[in-house]
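Work through the exercises below with the sequence and the coordinates open beside you. Each task is followed by a solution that goes step by step.

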Amino acid sequence: MKNDEQMYQSVLSRRDAYRTKKERQKRVFLRAVPVLACCCLAAVLGIGYWDHLKKLPEIPSVQVDSEVSGTTLPVTTVPAVTETGQTVTTAARTEKTKVTSAKSTETVTKAVTVTEAAESAAIRQTETQAVTVPTAAQTRPVTQTQPVTQTKPVTEPPAVTTEEPGAPEPPAQTTEPFIPSENPQNPQKEEPGTPQAQPLMYPDIEAAAKAVIDAVINGNCPGNDPREKGAYTSMFGSIMHNGYLYQVSSANGITRQDDRGIMLLPRARYEDIGAACRAVYQGQSYYVAFHYADYRGMTMPEYLQRSMKVTSDKDVTVNGETVCLRFADDGQITANAFVERNDGSDVYYTVRAAVSETEMLDFLNEMQYEKIAVYDYWIL
Amino acid sequence: MDHGAGSYRRYLAGDDEGLHEIIREYRAGLILYLNSFVQNIHTAEDLTEDTFAELAIRCPKFSGKSTFKTWLYAIGRHITAKHLRTHARLSIVPLESQEYLADEESIEGNYIKSEQKRAVHKALHRLKPDYRQVLYLSYFEGFSNAETAVIMQKSTRQIESLLYNAKKALRTELERSGFEYEE
């Protein structure tokens with residue numbers, strides 16, 4: 001039998017053993033829980049990442065259908081408009097082609113297929129392809145470089161020129177307005193495979209307005225790729241927000257080339273949403289586009305600098321408005337100036353032509369524009 | 001006077017001497033009480049130690065609704081009942097185990113001073129367990145019927161009835177053994 005003291009010591013020893021055991025369990029628990037929590041978290045993240053990888057869309061592989069000199073070259077498919085009004089698709093390989101420019105005949109390495117329908121955007125696209133040769137372009141879908149064309153019959157042949165040197169033509173007929181080197185500070189970093197929305201051609205401004213209404217009201221927005229469709233939706237929305245479509249007027253000796261239609265421009269890396277058409281003045285062809293600007297209360301040079309990352313070469317004043325002139329190496333001049341300053345929907349024009357500075361200023365002095373309300377074509 | 005509550009509070013406050021005092025004061029009585037259950041003085045001693053260990057380790061809350069002794073005996077009874085359920089041990093006294101009887105007599109002699117009470121306590125072993133418990137709590141420990149009811153987890157009326165029948169059975173048992181007593 002235990003006496004009181006022995007039982008007391010026995011109880012204390014049992015208590016101490018119990019406390020020691022609890023302390024050990026607590027230490028083990030505190031060490032094990034973070035490790036187990038990290039393992040569980042890693043497992044959850046792994047499963048989530050695995051599910052994410054399984055849900056990634058597959059990039060469709062593209063069959064490269066041509067090879068030149070044993071090297072696969074990128075293919076640019078650009079529709080051309082024939083005299084009979086039929087739209088045909090021609091494939092142009094990137095190869096050495098002689099083209100005639102206003103100043104001199106030079107040999108350049110680039111894709112030179114230029115069509116009426118594609119306008120400057122098509123050239124931009126072609127230029128881009130030439131830059132990305134050969135690795136990225138080999139996997140680029142053909143459909144990405146195909147402009148959306150809604151053309152009407154025209155009387156002029158495609159502007160593709162591969163003539164012999166020594167037979168110069170008027171500058172306006174050789175190259176289209178856009179100059180890829182115009183924006184050197186903002187290099188194109190678009191990933192291969194990223195579709196780019198192309199300009200939409202319409203026979204006239206009324207057809208364009210109806211298309212805007214049809215897209216916004218009825219939801220009939222062109223485009224197959226979701227991003228392309230999104231670009232068009234944004235474009236139609238901006239036009240609808242402004243409420244007007246602009247085009248140059250046939251007045252003061254300026255003749256708008258209605259047979260070449262009007263082109264709606266989705267947002268691109270170097271230009272805003274707008275509408276473009278062509279005009280002829282004193283035998284020279286001018287590309288005139290009216291853009292919807294995003295920035296308010298800024299001068300044209302400031303806007304070009306902040307939005308397009310380009311710098312005006314020369315600022316002149318025409319009809320009380322500051323006009324920014326930029327001179328390209330191939331002789332083209334680009335002029336930008338605001339024409340309307342509305343609250344939140346400023347409009348400025350871009351005039352581009354391979355003319356002299358004096359001719360450009362004459363054109364700008366004589367140029368008038370007209371606009372139609374898009375809502376007038378909303379048929380209930 | 002019941003000093004167990006104060007000693008227990010001091011133990012909870014960190015003074016181990018309080019536990020020592022509790023063991024000194026209640027050890028013998030609790031052993032004898034639990035022995036009325038298990039009929040084995042060593043098992044009763046182990047169960048008593050388990051009861052004190054329960055106080056020392058789990059530190060159950062003493063609410064003060066009853067005396068500390070009542071509360072402690074109730075804990076001991078609960079532990080003993082659990083022990084009996086676990087081991088399903090019959091309360092049979094191994095009469096041939098003289099060693100056990102010697103230990104029991106030793107602690108009995110220390111705790112129960114009156115010769116007459118010791119004779120009665122011996123006679124308790126031949127009664128039913130409930131009779132043993134109720135007579136021990138009432139007669140030897142001096143618990144009231146209400147306190148006995150708390151310890152045995154019965155109603156007061158049940159305790160009164162049990163006590164009446166237990167006394168009657170004890171009288172018969174004492175008469176059989178030639179014990180003389182006065183009414």
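**Exercise 1.** Determine what percentage of the residues of chain B count as buried, and describe the elements of chain B.

*Solution.* The model is predicted, with local features requiring pLDDT of at least 70 and side-chain atom pairs counting only at pLDDT 80 or more, while totals for chains, interfaces and linings use all residues. Residues are numbered from 1 along each chain as its sequence is written, and chains are lettered from A and ligands numbered from 1 in the order in which they are written. Next, assign the elements as DSSP runs numbered from the N terminus, with helices being H or I of at least four residues and strands E of at least two; chain B then has nine helices and zero strands.

**Exercise 2.** Examine helix α4 (residues 68-87) of chain B, and find which elements its buried residues pack against.

*Solution.* Start with the span: the 20 residues of this helix reach 28 Å from the first C-alpha to the last, close to the 28 Å expected at 1.5 Å a residue, where the expected span is 1.5 Å times one less than the number of residues. Then list the buried residues of α4(B), among them B:F68, B:W71, B:L72, B:I75 and B:T80. Finally, trace their contacts (C-beta atoms, placed from the backbone, within 7 Å): the buried residues of α4(B) pack against α1 (4-12), α2, α3 and α8 (145-152) of chain B.

**Exercise 3.** Identify the residues that touch the most other members of the largest nonpolar core.

*Solution.* In the largest, which has 57 residues, A:A208, A:V212, A:L245, A:A275, A:V288, A:A335 and A:V351 touch the most other members. Its largest share, seven residues, comes from helix α4 (residues 205-217) of chain A. A second, separate core of 45 residues includes B:Y26, B:W71, B:L135 and B:F140.

**Exercise 4.** State how many residues each chain brings to the contact between chains A and B.

*Solution.* Counting by chain gives 15 residues from chain B and 11 residues from chain A. On the side of chain B that touches chain A, α2 (16-38), α3 (41-58) and α5 (98-111) of chain B each supply at least two residues.

Definitions and conventions:
Two residues are in contact if their C-beta atoms, placed from the backbone, lie within 7 Å. A residue is buried if 20 or more other C-beta atoms lie within 10 Å of its own, exposed if 12 or fewer, and partly exposed in between; C-beta atoms are placed from the backbone. A nonpolar core is a set of buried Ala, Val, Leu, Ile, Met, Phe, Trp, Tyr and Cys residues joined through C-beta atoms within 7 Å.
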